[in-house]
Every structure is written in C-alpha cells, then in structure tokens.
Amino acid sequence: MKIIDCVIIGSGPAGYSAAIYLARSNIKHLIYTGDIPGGQLINTTRIDNYPGYSKGILGIKLMNEMYKQAIKFGSIVKFNKILKVSFKKKKNYLYTNNKEKIITKSVIIATGSLPKKLKIKSEKKYLGYGISYCATCDGMIFKNKIVAVIGGGNTALENTILLSNICKKIYLIVRNNKFKASKIFIKKIYKKKNVKILFNKIIIKFKGKKILKSINYKNKINNKINNLKVSGVFISIGNYPNTLLFKKKIKMDNNGYIITKSKSTKTNKKGIFAAGDVQDKIYKQAITSAGSGCMAALDVEKYLNYYYY
Ligand SMILES: Cc1cc2nc3c(=O)[nH]c(=O)nc-3n(C[C@H](O)[C@H](O)[C@H](O)COP(=O)(O)OP(=O)(O)OC[C@H]3O[C@@H](n4cnc5c(N)ncnc54)[C@H](O)[C@@H]3O)c2cc1C
C-alpha cells in the first residue's frame with residue numbers, strides 16, 4: 001500500500017493554508033474536509049478583518065478562494081471525514097467514513113474548535129442573522145445598535161468590553177448571580193455606562209422573521225418571562241476544541257486543546273502536527289489559524305527531509 005507524505009485533517013484556514021504550502025513544496029498530500037468543508041467561516045457572513053480584502057469578503061467566498069488556491073497547486077481534496085486514527089512510529093493509519101485506510105508519514109491536525117451552544121431550538125436559525133459566537137469578528141455589524149451578550153465568564157466580559165466601544169447598549173445576560181471572570185474584567189464592566197447586567201436570567205427563545213429581533217428570557221428568581229428587543233446576540237459561553245478523535249492518542253491540556261511545542265506545531269508524537277483553533281485557546285482567528293497552518297506545513301517539510309528523504 002502506498003504511503004502518503006502527509007494528510008491534513010480539516011479544511012478551515014489552517015488546513016488550506018497548510019495544503020497551499022505543502023503543494024508548493026511538491027509534498028504529496030491529501031486534505032480531508034470533514035463535515036464542514038471550509039470550516040467555521042462558512043457559517044458567518046462578511047469577514048472584515050482578513051488582510052487583503054479592503055471591502056470585506058463573505059466567509060464562504062474566502063474559503064472557496066483558499067480551496068481553489070490549494071487545488072491549483074496540486075492539493076488533493078477529499079470530501080470525507082477521518083473516523084479513526086492510529087499514530088505509530090513513522091507510519092500513521094487513518095480510517096475514513098468511506099471505508100478507506102490511509103497510511104501516511106505525517107499528519108496535520110486542523111480540526112478547529114466549536115463554540116459551545118446554548119442548545120435552544122431557535123439558535124441555529126439566526127446564526128449569521130443576528131446570532132454570533134465571535135464579537136471580534138462580527139461586532140462592527142452592530143455598530144450603534146442594541147445587542148446582548150450571553151455568558152458570565154472571561155470571554156463574555158471581554159466581548160462586552162469590546163462591544164461597549166461599538167454598540168449603543170449591551171445587555172450582559174448571566175445565568176447565575178455572579179460572574180465567573182477575572183477581577184480586572186469585572187471592574188471594567190461596572191465602569192461601562194452602556195452595559196446593563198442582568199443576573200439570574202436564562203435565555204429561552206430567540207425571535208424574529210428571518211433576522212433576529214428579540215429574545216425571551218426567564219428570571220430565575222420569580223420565573224417571570226420577559227422580552228428584550230435586540231439586533232444582535234453574542235453567545236459567549238466558551239469554545240471547545242474539536243479533538244475527541246485524538247483523545248488518549250496525543251497530548252492535550254485539561255480543556256482538550258492539543259499541546260504544541262513553543263514556536264512550533266509539533267505535538268508530543270513525531271510526525272504529528274497541529275494547527276489552528278485546535279491548539280490555540282487564546283487567539284482563535286482566521287489569520288492566526290492560517291499562520292499556524294503555514295507553520296505546520298514548513299514543520300512537516302523539515303520532518304520529512306530529516307527522516308525520509
Ligand atoms: C460565526 C463565526 C464568525 C467568525 N468570524 C471571524 C472573522 O470575521 N474573522 C476571523 O478572523 N475569525 C472569525 N471566526 C473565527 C474563525 O472562523 C476560526 O478562528 C477559524 O475558522 C479556525 O480555523 P481552523 O482551520 O483552525 O478550523 P475550522 O475553521 O474550525 O475548520 C475545522 C475543519 O476541520 C474539519 N474537521 C473536523 N473534524 C474532522 C474529521 N474528523 N475529519 C476531517 N475533517 C474534520 C471541519 O469539517 C472543518 O473543515 C469566526 C468564527 C465563527 C464561528
């Protein structure tokens with residue numbers, strides 16, 4: 001059976017950037033797209049912070065451009081999913097959902113991260129139409145508008161602080177009676193004049209025709225249901241890395257992020273590299289993912305040169 005030089009698992013900015021670099025170095029590789037070809041960005045509308053697009057670009061268009069660039073240089077894209085992995089010394093076995101078995105010298109894990117969902121029925125309907133999981137990315141869409149941020153941890157508070165400089169008013173909706181965040185953020189939040197904090201409130205419904213117009217929430221103290229008119233909602237209850245497939249096969253931190261060596265994409269297993277949100281619990285942006293995808297490809301090239309060529 002033929003042994004492939006490298007397999008990239010994931011087709012977000014990290015996966016495609018790695019593919020472009022591998023292709024241009026003439027390293028034979030396959031890229032598996034998984035269930036979401038193009039990754040998280042295909043779920044959003046316009047991307048305004050990716051360099052090179054002064055007028056912004058639709059997420060789906062940006063990812064299509066990356067796909068076209070990769071195949072132009074020779075990447076082979078497989079619209080399938082990796083279901084099982086077995087990392088052995090110098091030979092790694094991957095099993096796909098179309099019953100293929102692949103042997104590869106190296107692997108780039110770029111399976112991204114997934115935002116934690118509220119798990120409310122109407123949540124999916126308004127994604128990109130009022131609901132966002134990323135204030136850095138979508139905050140400007142709601143300039144001078146009234147929005148809500150859901151969550152009581154560091155991410156929610158950081159998002160609220162960021163949005164307070166963009167939006168007219170922010171309702172910060174917290175499930176419990178206190179924040180679970182750093183003191184510095186809490187202090188800042190209380191200084192913000194356009195932030196109204198609603199403790200002990202649980203979101204129960206998102207409302208609007210095609211575009212989100214309001215939310216219903218329940219007061220935990222008296223069980224009363226209220227309606228709040230908002231143009232946008234930022235669900236900020238955390239993220240989780242998409243690493244279940246690699247559990248006990250690769251070193252991860254307590255939150256499931258793959259641990260990579262400093263200034264590198266190397267994992268604890270030789271020949272296995274990780275790029276993008278899957279190993280980044282801080283930045284989680286398209287540009288940082290693309291950057292680490294590039295790093296992973298260069299790391300793979302060095303690895304192959306050292307051990308194989
Ligand atoms: C709504 C929204 C809006 C955003 N807006 C912006 C923005 O404006 N600007 C910005 O910089 N960032 C934005 N982000 C963040 C950005 O999308 C992420 O940081 C980036 O997509 C991470 O890239 P990635 O390549 O690491 O992973 P992802 O984009 O998450 O891609 C992961 C890939 O892995 C694949 N995969 C998963 N499991 C498997 C498997 N078993 N086999 C094969 N493939 C698999 C998936 O199908 C997917 O293709 C936004 C995020 C969201 C959710």
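So, Gln-40 first: a polar atom in the side chain of Gln-40 sits 2.8 Å from an oxygen atom of the ligand. Keep in mind throughout that we are looking at a predicted model.

In Ser-11, a side-chain N or O atom is 2.9 Å from a ligand oxygen. How much of the ligand's accessible area does the protein cover? On its own the ligand has 1,000 Å² of accessible area, and the protein covers 95% of that.

Now the wider shell. There are 33 residues around the ligand, and the closest are Thr-33, Ile-36, Gln-40, Cys-137 and Ala-286. If you sort the shell by class, you get 12 nonpolar, 16 polar and 5 charged residues. As for elements, α1, α3 (135–138) and α6 each put at least two residues into the shell.

Is Pro-13 buried or exposed? Its relative accessible area is 11%, under the 20% cut-off, so Pro-13 counts as buried. Its contacts beyond four places in sequence are Leu-41, Met-63, Met-66, Ala-286, Ser-289 and Ala-290.

Let's move on to the packing. As a rule, nonpolar side chains in soluble globular proteins tend to be buried together. In our model, the largest nonpolar core holds 30 residues, and the ones with the most contacts inside it are Ile-8, Tyr-16, Leu-22, Tyr-50, Leu-62, Ile-108 and Val-300. Two or more residues each come from β1 (3–9), α1, α2 (59–72) and α6 (286–307). Which element gives the largest share of this core? That would be α6, with 7 residues.

Take Leu-22 as an example. Setting aside neighbours within four places in sequence, Leu-22 is in contact with Cys-6, Ile-8, Ile-27, His-29, Ile-108, Ala-297 and Val-300. Apart from this core lies another one of 19 residues, including Val-147, Ile-161, Ile-189 and Val-195.

Ile-161 takes us to helix α4, residues 154–164, where the buried residues are Ala-156, Leu-157, Asn-159, Thr-160, Ile-161, Leu-163 and Ser-164. What do these buried residues pack against? The list is α3, β11 (146–150), β12 (169–173), α5 (183–191), β13 (195–198) and β17 (232–235).

Finally, a pair of asparagines. Asn-200 is in the loop that joins β13 and β14 (201–207), and with a relative accessible area of 15% Asn-200 is buried. Among its contacts beyond four places in sequence are Val-174, Asn-176, Lys-218 and Ile-221. Asn-176 lies 24 residues away in sequence, yet the two C-alpha atoms are 4.7 Å apart.

The other one, Asn-216, is in strand β15, residues 214–219. Asn-216 has 13% relative accessibility and counts as buried too. Its side chain makes a polar contact of 2.7 Å with the side chain of Asn-227. Beyond four places in sequence, Asn-216 also touches residues including Ile-202, Ile-204, Lys-207 and Ile-225.

Technical notes:
Residues numbered from 1 in each chain as written. Predicted model: local features only at pLDDT ≥ 70, side-chain atom pairs only at ≥ 80, totals over all residues. Heavy atoms only, no water. Buried < 20%, exposed > 50% of the residue type's maximum accessible area, 1.4 Å probe, protein only. Contact = heavy atoms within 4.5 Å. Core = buried A, V, L, I, M, F, W, Y, C linked by side-chain atoms within 4.5 Å. Helix = DSSP H or I, 4+ residues; strand = E, 2+ residues; numbered from the N terminus. Near = heavy atom within 4 Å. Polar contact = N/O pair within 3.5 Å; in protein donor to acceptor, adjacent residues only side chain to side chain. Areas by Shrake-Rupley, 256 points an atom, 1.4 Å probe, with all protein chains shown as cover. Nonpolar A, V, L, I, M, F, W, Y, C, P; charged D, E, K, R; others polar.
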